Amino acid sequence: MVQYNFKKITIVPTGKDFVDIILSRTQRQTPTVVHKGYAISRIRQFYMRKVKYTQQNFHEKLSTIIEEFPRLDDIHPFYGDLLHVLYNKDHYKLALGQINTARNLIGKIAKDYVKLLKYGDSLYRCKSLKVAALGRMCTVIKRIGPSLAYLEQIRQHMARLPSIDPNTRTILICGYPNVGKSSFINKITRADVDVQPYAFTTKSLFVGHTDYKYLRYQVIDTPGILDRPFEDRNIIEMCSITALAHLRAAVLFFLDISGSCGYSIAQQAALFHSIKSLFMNKPLIIVCNKTDLQPLEGISEEDMKLVMEMKAEAMKTVMGQGGEPTDDEGVLLTMSTLTEEGVIAVKNAACERLLNQRVEMKMKSKKLNDCLNRFHVAIPKPRDQKERPACIPQAVLEAKARKADQAAEKERRKLERDLEDENGGAGVYSASLRKHYILANDEWKEDIMPEIMDGHNVYDFIDPDILQRLEELEREEGIRQEQEADDDFEMDGAELTAEEQEALAEIRKKKSFLIQQHRMKKSTAESRPIVPRKFDKERQFTSERMGRQLSSLGLDPSLAINRARSKSRGRKRERSPERGEDAMDVDNDQPSKKLLRLRSRSRSRSRPPNEVAPGEGFKDSAQKVKAVKLAKKSVKKRNKDARRGEADRVIPSLKPKHLFSGKRSIGKTQRR
């Protein structure tokens, strides 16, 4: 759909980068070794090739820049004028002209120096001519550096322009700043235009797309326009004027009848009459926005007269399309983008007017006669007067009837939420709890209970059988308490001695303290830092703490402390039994059974590798040894190839690119 895509224009390098790119390419792509012992024809050919290759690269790069940038005379007038407004057509053409001149100069320099190289009589002279040729080419490029930088700025800005197709179905939104244009395009399309309560929030053209009758329409949001002379308008306003002048579209002129935009209806009407020449031959709709603040009927007579004058101008566009003068439907519409009232009606009216105009223009064109010869419209005629109604199966009719009954039942049944909505909503409606009372008569549910009845206070009423009912309740409560006593045992302090009662009170106090401590820690768990155990003085597990706790319980802590210390130390080498009291006595070769038993207990028992552990799945140790050997053999090749696992399929680079690419010069291969 889009014919102009400025995002594909190649990046324009700066003058210095341009020279570096071309000279490095010449150095890489042409031979670099030449000796004075070569034949003079070979030396000439060597340097002529370098000059020609450099000229070709400059020519290709500059030609790409000239061809990819659009020619203002060949593109659509909308884009031509838009580029002129944004970048000044004269500067743009001048920059491209300088690029073209530089391309021709480089070609001429290369041609002249190739001629001179044909008569070079030594290696030194040929090399000097080559250096001079390349130097002059680079000087030409450096001179056009400002033009290259200017074109790069234009390329970046053009890449940010919206992709607008001037030939497709288009809806154009215009008007004063801050009248609701951007809010409207956000409502009917998926565009996300910034909306703020001040003027000139939109500073460029924005495009969105919407559908109507299975056709795609592009909607263009233009910046606000002020009522002032054409020469005084800035670039932002000229973007809107350019779109109105060149795009064949339906125009929506937005009118803020509430005056909250900061401009009166008289000022907006003056703007309408100053730019109405741009609305010729276009479907025009006057849209009165912000009716939630001020309805159209509530404005003054003078303002209403101005609105009617604008409506009369818009009617001329209807008559220009062949419509009737009395057909004023869809010319003056009201809406509110805040409440979304009338938004879809405005969109549908604009799309319908634009569609009718495009169809009418195609009907008047010469191409229609060529197309009508290919069409034949067949209209069926009735063969007799007999009615033939549609045949609907009985099962389908029954299913429809059931669905209708279910829908009616749903409509009949009202929920509390429905009742709440009907009676004023939350905070106003109070649900009645009495309607679910089970009484002999439903009319009693809403009765108000009296405080005084037959001269007596109702709350002083006493049931004559109250004592009998109280005995029954106490008897039932006693039975339940006996059952609970059997189920759950609760220690009673009355049966304990004085010492036991003190111990029980201490235990309960300690228990409640631990519960409170745990709750405090749990409530501050997220904000409490995590302290390592060796720095946590409260929870540090030391032998001194263990000794204090055992002593408080009335136990001797010495044995437990010694045992913990012996375990914490590493196992030292035991002294041999023969080095006892008499070191020279070597007759006692065998240690005692008790010493062996102690030594075996102090060591941790380890299982030999061949022993089968329960759950490993081997029949015996021989099968385990065989499986271990097979496993080691299977990973041997993988480890040799330095693979991570069975799924590692990496093929190592046998020729690293940094060692094997490019020209090889004199010197070692490992350095370039």
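**Close-up views of a predicted model**

View A. Buried means a relative accessible area under 20%, exposed over 50%, and partly exposed in between, for a 1.4 Å probe and protein chains only. The model is predicted, so local features need pLDDT of at least 70 and side-chain atom pairs count only at pLDDT 80 or more, while totals for chains, interfaces and linings use all residues. Residues are numbered from 1 along each chain as its sequence is written, and side-chain values use heavy atoms, with hydrogens and water left out. A disulfide is a covalent bond between the sulfur atoms of two cysteines. Here it is counted when two cysteine sulfur atoms lie within 2.5 Å, and the structure holds zero disulfides.

**View B. Strand β4 (residues 250–256) is largely enclosed by the rest of the structure, because seven of its seven residues are buried.** Strands (E, at least two residues) and helices (H or I, at least four) are DSSP runs, numbered from the N terminus. Both faces of β4 are covered. One side carries Ala 250, Leu 252, Phe 254 and Asp 256, and the other carries Val 251, Phe 253 and Leu 255.

**View C. Strand β4 pairs in the parallel sense with β1 (residues 170–175) and also in the parallel sense with β5 (residues 284–289).** Two strands pair if DSSP finds at least two bridges between them. The pairing of β1 and β4 runs over five bridges, with Leu 172 opposite Val 251 in β4. The pairing of β4 and β5 runs over six bridges, with Leu 255 opposite Cys 288 in β5.

**View D. Strands β2 (residues 206–212) and β3 (residues 215–221) pair in the antiparallel sense.** Seven bridges join β2 and β3.

**View E. The buried residues of helix α9 (residues 265–274) are Ile 265, Gln 268, Ala 269, Leu 271 and Phe 272.** They are on the same side of α9, because they cover an arc of only 155° around the axis. The arc is that of the directions from the helix axis to the C-beta atoms. An α-helix has 3.6 residues a turn, so residues three or four places apart point the same way. Ala 270 also belongs to helix α9, but this residue is partly exposed, with a relative accessible area of 32%. Ala 270 and Leu 306 are 36 residues apart along the chain, and 9.3 Å separates their C-alpha atoms.

**View F. Asn 88 has a positive phi, and so does Glu 340.** Most residues other than glycine have a negative phi. Asn 88 is not a glycine, yet its phi is about 70°. Asn 88 lies in the loop between α3 (77–87) and α4 (89–117), and is partly exposed, with a relative accessible area of 29%. Glu 340 is likewise a residue other than glycine, with phi near 65°. The loop that holds Glu 340 is the one between β6 (332–334) and α11 (343–364). Glu 340 counts as partly exposed, at 49% relative accessibility.
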